[in-house]
Amino acid sequence: MLFKEFENPEKPVVVLLHGGGLSTWEWQPHIEVLQKDFAVVAVTIDGHGEDAEHPFISIEDSADKLISYIDDKYHGQVFGICGFCLGGQIAVQALSLRPDLARCVVLESVNIASSEKRAARSIKMMHTCYPLLQQRWFAKLQSGQYQVAKENADDFYNNVNGMLVESLENVYRSSLTFALPPQYKNNTAKALVLCGTKEKSSMQESARLLSSAKVDSMLKMIEKARHGFSMKSPEEYLEIVSRFFRTVRS
């Protein structure tokens, strides 16, 4: 994992974790705003983007690496963690292992509906479609599922085109079989769970279960939003998150 630091001395630290198949460019418009009030750390998850040569192993492995980084750099705790999709699952796992790792967490579109069958089907489909990842037209179709901005179209293509088969397999397997750890309810972070009303029913149900799993947790369903709300509407996302951060800091 790579950790790109946007330092802001004496300011609280916020860690950003991107979704599966994406990279830190997902957070570019958010970083520009957040770094005015926070020290921001944008994480490149193993197997993605600039860290594509190091295969993604599992959510658990990534959570361990995140905890080690926060231990070494920030004495074991940061102000906030924002995670989208796979990044949110890593945040959940990390907070389950280290209850006081962050004062607050924002979890967008985090799947906890574990399904071995769905994972097996998706991996099989991935192998069928893998040669198509070399084609820009196919990458464009995929980017629509995440609502990737037009200016990031090349970033998305380069990202998925550069991912190893091993990483793709492990992302699908780990993400689609991820279940909420029982220890998650013990973490002390205030949680904001976000999900779009036009996302899959399994994702919406995951959001409700995740929000009800612990105290100090709230659920916000975003009207008419699909998967990738934070990328489609960064200004609206930042407004919601900044308001949440202010309640934590007050």
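## The largest pocket

How do the residues of the lining of the largest pocket divide into nonpolar, polar and charged? In this predicted model, the lining of the largest pocket comprises 18 nonpolar, 11 polar and 5 charged residues. The space within this pocket amounts to about 1,100 Å³. In total, 34 residues line the largest pocket, and those closest to its centre are Arg118, Gln145, Tyr146, Tyr172 and Lys200.

Several helices take part in the lining of the largest pocket. The elements that each give two or more residues are α3 (86-97), α4 (116-129), α5 (136-146), α6 (153-162), α7 (165-176) and α8 (201-211).

## The second largest pocket

The second largest pocket holds about 260 Å³ of space. It is lined by 16 residues, of which Pro29, Ala149, Glu151, Asn152 and Met231 are the closest to its centre. Two or more lining residues come from each of the elements α1 (28-34) and α9 (229-232). The largest share, 4 residues, is supplied by α1.

Sorted by class, the lining of the second largest pocket consists of 6 nonpolar, 5 polar and 5 charged residues.

## Ile123 in helix α4

Ile123 belongs to helix α4. Is this residue, Ile123, buried or exposed? The relative accessible area of Ile123 is 12%, and a residue counts as buried when this value is under 20%. Ile123 is therefore buried.

When residues up to four places away in sequence are not counted, Ile123 touches Glu169, Tyr172 and Arg173. One of these contacts, Tyr172, is also among the residues closest to the centre of the largest pocket. A further distance places Ile123 relative to Asn161: these two residues are 38 residues apart along the chain, and their C-alpha atoms are separated by 16 Å.

## Aromatic pairs

A pair of aromatic rings is described by two quantities, the distance of the centres and the angle of the planes. The structure holds 8 aromatic pairs. One of them joins Phe79 and Phe245 in an edge-to-face arrangement, at 5.3 Å centre to centre and with 75° between the planes. Phe79 lies in strand β4 (residues 78-84) and Phe245 in helix α10 (residues 234-249), so this pair ties together parts of the chain that are 166 residues apart in sequence. Phe79 is buried, at a relative accessible area of 5%; Phe245 likewise counts as buried, at 1% relative accessibility.

Phe245 also forms an aromatic pair with Phe244, and this pair is tilted, with 6.2 Å between the centres and 40° between the planes. Phe244 and Phe245 are both buried. Together with Phe38 and Phe79, Phe244 and Phe245 make up one aromatic cluster.

Where is His227 found? His227 is located in the loop between β7 (217-222) and α9. With a relative accessibility of 18%, His227 counts as buried, because the cut-off for that class is under 20%.

The side chain of His227 makes a polar contact with the side chain of Glu199, at 2.7 Å. Which residues does His227 touch, not counting residues up to four places away in sequence? They are Phe84, Cys85, Ser109, Gln145, Tyr146, Gln147, Glu199 and Met203. Among them, Gln145 and Tyr146 also belong to the residues closest to the centre of the largest pocket.

Notes. Residues are numbered from 1 along each chain as its sequence is written. This is a predicted model: local features need pLDDT of at least 70, side-chain atom pairs count only at pLDDT 80 or more; totals for chains, interfaces and linings use all residues. Side-chain values use heavy atoms; hydrogens and water are left out. On a 1 Å grid over the protein atoms alone, a cavity is a set of points where a 1.4 Å probe fits but cannot get out, and a pocket is an open set with protein on both sides within 12 Å along at least five of seven lines; lining residues have an atom within 4 Å of a point. Grid points are joined across faces, edges and corners, and a volume is the space filled by probe spheres set on the points. Ala, Val, Leu, Ile, Met, Phe, Trp, Tyr, Cys and Pro count as nonpolar, Asp, Glu, Lys and Arg as charged, and the others, Gly among them, as polar. Buried means under 20% relative accessible area, exposed over 50%, partly exposed in between (1.4 Å probe, protein chains only). Contact means heavy atoms within 4.5 Å. Rings of Phe, Tyr and Trp (its six-membered ring) pair if their centres lie within 6.5 Å; planes under 30 degrees apart count as stacked, over 60 as edge-to-face and the rest as tilted. A polar contact is a pair of N or O atoms within 3.5 Å; within protein, one must be able to donate a hydrogen and the other to accept it, and residues adjacent in sequence count only if both atoms are side-chain atoms.
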